Amino acid sequence: MRKVVEIPKDEDGKPILPIQIGSFQLISIGKVELRDGYYNERYIWPVGYCIKRNYMSMKNKHENTDYTCTIEEDGEAPKFRIVAEDDTDHPIEASTATGAWGNVVRQANRIRGRGHLSCSVSGPEYFGYAHPAIADLINEARTDRE
């Protein structure tokens, strides 16, 4: 059974952001454009989407840090960008959310001496857009445009 997340909304029915949803702070839903390359049968990748989440640091093996995850315009397909709060000069960018988060997990594991471990990661889950409440908000933004 899904836990219902109460989303505060303004008088126009738009979500009031930022909002904490599970382990994510949703900062922006972004702009939903249903064009080739920016959606598939499971997910929509809105340009300008932005969340923050906490995860193991890639620089300090004894610390966690906040990561800002964004989906950016990159021509025919989105670019997934992650910036660690403790290393803002070295953003991680990839053509998929899994590619971007895979880099974070590998680096965080490597400094902890866990380089030999498998580091399978679900980019959609780590990026937050697979979370049911966030997916619902993205779908609402999509239907608002139709």
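Strand 2 (residues 24–28) and strand 3 run antiparallel to each other and are joined over four bridges, where strands are DSSP runs of E of at least two residues, helices are runs of H or I of at least four residues, and both are numbered from the N terminus; two strands are said to pair if DSSP finds at least two bridges between them. The model is a predicted one, in which local features need pLDDT of at least 70 and side-chain atom pairs count only at pLDDT 80 or more, whereas totals for chains, interfaces and linings use all residues. Residues are numbered from 1 along each chain as its sequence is written, and side-chain values use heavy atoms, with hydrogens and water left out.

I27, which is found in strand 2, is partly exposed, its relative accessible area being 32%. Leaving aside residues up to four places away in sequence, I27 touches L17, P18, C50, I51 and K52, a contact being defined by heavy atoms within 4.5 Å. I27 and I111, by comparison, are 84 residues apart in sequence and lie 29 Å apart in space, C-alpha to C-alpha.

The chain as a whole contains three helices and six strands, which follow one another along the sequence in the pattern β-β-β-β-β-β-α-α-α. Its radius of gyration is 16 Å, close to the 15 Å that the globule rule gives for 146 residues, so the chain is as compact as a globular protein of that length; the radius is taken over C-alpha atoms, and the rule is 2.2 Å times the number of residues to the power 0.38. Along its principal axes the C-alpha trace spans about 50 × 35 × 35 Å. Of the 146 residues, 37% count as buried, and among the contacts with a separation of 6 or more, 48% are accounted for by residues 24 or more positions apart.

Definitions and conventions. Buried means under 20% relative accessible area, exposed over 50%, partly exposed in between (1.4 Å probe, protein chains only).
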